Amino acid sequence: MTMALGDRHQKKDVEAALKRAEAAGLKVTRDKKKHTWGYVLCCPCSQRFRVDCTPKSQGDEAAEIDRFTRGHRNCA
Ligand SMILES: [Zn+2]
């Protein structure tokens, strides 16, 4: 899936982690609701990680996304 321009996360550390998730084969979907930016989805096991629009710490949010990516990169 290719993300359209404008669907980038405004926090660059988070955006970089989302790119790593995509590179690992996970799906990143935009779902703009309140504080939710979207989700990182693992299709094979149908788990998902909610990405915050305005995380308190973008470094922590990126680390959480990376943890999810590591945990699911071998699901497919
Ligand atoms: Zn999985």
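Two strands count as paired here if DSSP finds at least two bridges between them. Everything in these close-ups comes from a predicted model.

**View 1. Strands E1 and E2 pair up in a hairpin.** Here you're looking at E1, residues 27-33, beside E2, residues 36-42. The two run antiparallel and are joined over five bridges. Thr29 stands opposite Tyr39 in E2. Two residues sit between the strands of this hairpin, and Lys34 takes a positive phi near 45 degrees.

**View 2. E2 also pairs with E3.** Strand E3 covers residues 47-52, and its pairing with E2 is antiparallel, with six bridges. Look for Tyr39 again: its bridge partner in E3 is Arg50. E2 and E3 make a hairpin too, with four residues between them. In that turn, Ser46 has a positive phi of about 55 degrees.

**View 3. The three strands make an open sheet.** Read across the sheet and the order is E1-E2-E3, with antiparallel pairing. E1 and E3 are the edge strands, each pairing on one side only. On average, and ignoring direction, neighbouring strands in the sheet are turned by 25 degrees against each other. H1 packs on this sheet and touches E1, E2 and E3. The direction of H1 makes about 140 degrees with that of E1. H2 packs on the sheet as well, touching E2 and E3. For H2, the direction makes about 165 degrees with that of E3.

**View 4. Helices H1 and H2 pack against each other.** H1 spans residues 12-23 and H2 spans residues 58-72. Their axes are 8 Å apart and meet at an angle of about 5 degrees. Angles under 35 degrees count as roughly parallel, and H1 and H2 are therefore roughly parallel to each other. By class, the contact of H1 with H2 has seven nonpolar, three polar and four charged residues.

**View 5. A closer look at who meets whom between H1 and H2.** Which residues of H1 take part? They are Asp13, Val14, Ala16, Ala17, Leu18, Arg20 and Ala21. On the H2 side, they meet Gln58, Gly59, Glu61, Ala62, Ile65, Asp66 and Thr69.

Definitions and conventions
Residues are numbered from 1 along each chain as its sequence is written. This is a predicted model: local features need pLDDT of at least 70, side-chain atom pairs count only at pLDDT 80 or more; totals for chains, interfaces and linings use all residues. Axes are lines fitted to C-alpha atoms, for helices over the stretch in contact, and angles run from 0 to 180 degrees between N-to-C directions. Angles under 35 degrees count as roughly parallel, over 145 as roughly antiparallel, 65 to 115 as roughly perpendicular and the rest as oblique. Two residues are in contact if their C-beta atoms, placed from the backbone, lie within 7 Å. Ala, Val, Leu, Ile, Met, Phe, Trp, Tyr, Cys and Pro count as nonpolar, Asp, Glu, Lys and Arg as charged, and the others, Gly among them, as polar.
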